[in-house]
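Look over the sequence and the model before reading on.

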Amino acid sequence: MAGTYRNIWLSGAFLLAVGLVGVALKSAVWTCVVATLLALMGVVMLRGNRWRTGALLVAALALSLAALDSLAGFLSPTPMGRGLVRVTDPKWWPPPDPILGFRPQPDSTVIATATFGGEPIYRVSYNFDATAARVTPTAEANADTYLFLGDSFIFGQGLADDQALAAQFTKANGLKVQGINLGVPGYAPNHLIRLFEAGLLDRYKDRKVKAVVTWIIPAQLARTTGEGGWLGSSPRYVLENGVLRWTGTFNEYRWRNPIAGAKYLLGEQFAFIAAIGMRQRQEEQSELFVAMMARLQVLARETFDAPLVIVYSWPDEKSRAGDGDTLVAHSLLQSTLRRVRDLGTPTIRVDTLTDGMEAAKIMIPHDGHPNAFTNEMVAGAVSRKLNLP
């Protein structure tokens with residue numbers, strides 16, 4: 001009996017150590033390596049053949065998980081921005097929001113900095129007005145309004161307020177139109193649909209909205225099914241008989257469906273688990289994405305009698321297979337974009353504007369987001385697409 005108590009005490013201590021290492025290192029691979037070493041110690045220290053055999057099996061399992069995850073990580077493309085250290089003040093930004101999951105606070109300022117290898121990349125202020133929109137230059141009275149909705153590309157991550165797309169658009173048109181920057185880093189089309197359906201854009205109904213502009217990138221595909229640690233409280237939509245239906249949040253869905261929740265949590269920690277069923281999941285994401293863009297087009301028309309304009313940084317028939325750092329097959333990206341363009345909404349291809357230019361000229365170094373120069377070109381392209389003088 002004493003030996004059993006000793007085994008239980010040692011096992012508990014080993015589990016606690018593994019948990020502490022996991023929290024401290026935030027690395028599934030290194031946590032598995034530590035678990036392997038501790039399990040091998042258990043083979044020596046535990047008493048009884050069953051306990052030692054169990055410890056050996058745990059060591060083999062942990063080592064296998066570490067090896068599989070390392071291999072999956074090695075085969076995955078290196079994402080843009082790896083090695084870049086981003087910090088915001090306040091630290092937890094954007095703050096939680098009961099409708100969208102997260103959203104900037106009205107009348108607030110955020111200081112954002114980024115470094116790479118200890119060298120500064122940017123230090124900028126994000127300023128928000130009373131409606132939680134990022135500050136843009138003020139246009140003349142009674143100017144037509146253009147809403148810019150989307151993620152960090154629309155928001156202007158890493159750029160000053162007046163360098164973001166909506167601000168550049170307002171300036172490019174001599175302050176005769178008002179661009180409204182409603183972009184938020186990490187958003188996806190599901191957030192934009194919820195903005196409409198929850199009535200958060202109704203405040204602009206009397207503002208002569210002439211167009212709704214968004215910017216799509218391949219990374220948004222995965223966000224439509226909540227693949228991202230920041231998306232748990234975000235709105236979840238499903239397709240039922242070709243119709244989008246809001247079901248609550250991704251967290252609520254995962255609590256109601258423990259198997260799906262466990263699969264998601266394990267996939268967040270282990271790349272090889274996330275890869276299981278990835279192709280089928282990406283096809284589902286493609287279907288959702290196209291349906292969401294179609295829904296946005298309808299909502300823009302119903303709410304403002306205005307077109308949806310889609311700016312895209314996305315592989316198409318003019319791109320080479322392997323361009324970009326996405327895990328999604330080139331053919332699926334092409335077919336998804338083709339279906340989006342078939343919706344008939346105006347589109348703008350960013351690569352046409354930047355063709356032949358070096359990355360350093362059009363992107364924030366080590367970051368991948370468009371810089372002020374690119375936003376200026378895109379603002380001009382949006383103006384031409386909308387036949388503005």
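## The second largest cavity

Strand E8 gives the most to the lining of the second largest cavity, with three residues. Helices (H or I, at least four residues) and strands (E, at least two) are DSSP runs, numbered from the N terminus. Helix H6 (189–197) and strand E8 (209–216) each supply at least two lining residues. The lining includes Pro189, Leu192, Thr214, Trp215 and Ile216. By class, it has seven nonpolar, three polar and one charged residues. Ala, Val, Leu, Ile, Met, Phe, Trp, Tyr, Cys and Pro count as nonpolar, Asp, Glu, Lys and Arg as charged, and the others, Gly among them, as polar. The space is about 40 Å³.

A cavity is a set of points on a 1 Å grid over the protein atoms alone, where a 1.4 Å probe fits but cannot get out; lining residues have an atom within 4 Å of a point. Points are joined across faces, edges and corners, and a volume is the space filled by probe spheres set on them.

## How the model is read

This is a predicted model: local features need pLDDT of at least 70, side-chain atom pairs count only at pLDDT 80 or more, and totals for chains, interfaces and linings use all residues. Residues are numbered from 1 along each chain as its sequence is written, and side-chain values use heavy atoms, with hydrogens and water left out.

## The largest cavity

The structure holds two cavities of 30 Å³ or more. The largest has about 120 Å³ of space. Its lining has 18 residues, with Arg103, Ala132, Leu182, Val184 and Leu195 nearest the centre. Of the lining, 12 are nonpolar, three polar and three charged.

## Helix H6

Eight of the nine residues of H6 are buried, so the helix is largely enclosed by the rest of the structure. Buried means under 20% relative accessible area (1.4 Å probe, protein chains only). Among the buried residues are Pro189, Leu192 and Leu195. Just after H6, glycine 199 takes a positive phi of about 80°.

## Rings

There are 11 aromatic pairs. Rings of Phe, Tyr and Trp (its six-membered ring) pair if their centres lie within 6.5 Å; planes over 60 degrees apart count as edge-to-face. Tyrosine 126 and phenylalanine 155 form an edge-to-face pair, 4.8 Å centre to centre with 85° between the planes. Tyrosine 126 lies in strand E5 (residues 119–127) and phenylalanine 155 in helix H4 (residues 152–155), so the pair ties together parts 29 residues apart in sequence. Both residues are buried.

Terms used: On a 1 Å grid over the protein atoms alone, a cavity is a set of points where a 1.4 Å probe fits but cannot get out, and a pocket is an open set with protein on both sides within 12 Å along at least five of seven lines; lining residues have an atom within 4 Å of a point. Buried means under 20% relative accessible area, exposed over 50%, partly exposed in between (1.4 Å probe, protein chains only). Rings of Phe, Tyr and Trp (its six-membered ring) pair if their centres lie within 6.5 Å; planes under 30 degrees apart count as stacked, over 60 as edge-to-face and the rest as tilted.
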